[in-house]
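Thanks, everyone; please have the sequence and the model open while I talk. I will go through some backbone details, then a helix pair, and finish with the cores.

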Amino acid sequence: MGLLLKIFIPLLGVALAFYFYSAPENFSEEMLRGKRVIVTGASGGIGEQMAYHLARMEAHLLLTARTEAKLQKVVKRCLELGAASARYVSGSMEDTMFPEVVVKEAENTWGGLDMLILNHIGYTYFNYFDGDVAHIRKLLEINFLSYVAMSVSALPLLKESEGSIVVVSSMAGKTGAPFSAPYSATKFALDGFFSSLRHEFIIDKVNVSITLCILGYIDTENAVRAVSHAIRSTPAPKEECALEIIKSGALRQRELHYPSRVVGSMLLLQAIAPDFLDSLTRSGYKVENIRR
């Protein structure tokens, strides 16, 4: 029976993931042409790749991140790739005023906004939780509260354009995993807040979509450097991930699961066999390589 479960449940998860969460075939790059888009965390990783995809689609881009020199290079490349326009605002999301500054830049430059892609994250460790409550408080400010603040600042513009909010989250925000307690807490907070906000938009007839992107292990430089020594699985490509995020936002999907097979299977197991999922999760780590 145990062997049958191990074979059958992941296969069923694959089928359900493809049925419910694969992007519809009616996506067209024309959907993004001329759209005004903010991308946070755009100096590297998935955010940088989203900027390049959007540039090829001839969108107007406003990029944010902490490091100005990296943003300058990304903006230059976006213009080479065909962006309708590209500019940046550098700063830290630890600054509680920065979200308002970013949105004000979009309003002053474009007079409106069509899509807000929230992708930035703060630094955290990959290890046993060490009891540092101050670290969690700081991480919540960057990974969660600044997402809320950006959305609040952008909402008047998004209501006018009937636009979209795209929230880049993680499987760590759907089910707990070892060695990432502070990070996981912030991602669970995103799911709770934006899922609740989606209800309120529907009740209040606010035509602003909210797409929550549930990502697995992606081959960004930061992720690979942080966890490759301890995770057995192979990371998915950041370029494809970035494109799927853009598609899901343009199509106003409720959620994106990427990679769909892995994430879909895990979410199914969480619903019907949570203890089994926990056991599988723990078996995916090289615990001997985790040093306190």
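Arg252 sits in the loop between α8 (238–250) and β7, and in this predicted model its phi is near 60°, a positive value in a residue other than glycine. Arg252 is partly exposed, with a relative accessible area of 33%. Lys205, placed in the loop between α6 and β6 (209–215), also has a phi near 60°, and Lys205 is exposed, at a relative accessible area of 76%.

Staying with the backbone, the peptide bond that joins Tyr258 and Pro259 is cis, with omega at about -10°, and Pro259 belongs to the loop between β7 (255–258) and α9 (260–272).

Turning to the helix pair, the axes of α5 (residues 133–161) and α6 (residues 181–203) come within 8 Å and cross at roughly 25°, which means that α5 is roughly parallel to α6; the crossing is right-handed. Among the residues that meet are Leu139, Phe144, Tyr147 and Leu155 from α5, and Tyr183, Leu190, Phe194 and Phe201 from α6. By type, the residues of this contact divide into 14 nonpolar, 4 polar and 1 charged.

Finally, the cores: which residues have the most contacts inside the largest nonpolar core? They are Leu61, Leu63, Cys78 and Ile245, in a core of 39 residues, to which helix α2 (residues 45–56) gives the most, with 6 residues. A second, separate core has 35 residues, including Val102, Leu155, Phe201 and Ile210. Back in the largest core, Leu61 is among the residues with the most contacts, and the residues that Leu61 touches include Val37, Leu54, Cys78, Arg87 and Trp110.

How values were computed:
Residues are numbered from 1 along each chain as its sequence is written. This is a predicted model: local features need pLDDT of at least 70, side-chain atom pairs count only at pLDDT 80 or more; totals for chains, interfaces and linings use all residues. Side-chain values use heavy atoms; hydrogens and water are left out. A nonpolar core is a set of buried Ala, Val, Leu, Ile, Met, Phe, Trp, Tyr and Cys residues joined through side-chain atoms within 4.5 Å. Buried means under 20% relative accessible area, exposed over 50%, partly exposed in between (1.4 Å probe, protein chains only). Helices (H or I, at least four residues) and strands (E, at least two) are DSSP runs, numbered from the N terminus. Contact means heavy atoms within 4.5 Å. Axes are lines fitted to C-alpha atoms, for helices over the stretch in contact, and angles run from 0 to 180 degrees between N-to-C directions. Angles under 35 degrees count as roughly parallel, over 145 as roughly antiparallel, 65 to 115 as roughly perpendicular and the rest as oblique. A crossing is left-handed if the near helix is turned anticlockwise from the far one by less than a right angle, and right-handed if clockwise. Ala, Val, Leu, Ile, Met, Phe, Trp, Tyr, Cys and Pro count as nonpolar, Asp, Glu, Lys and Arg as charged, and the others, Gly among them, as polar. Lists of a residue's contacts leave out its neighbours within four places in sequence.
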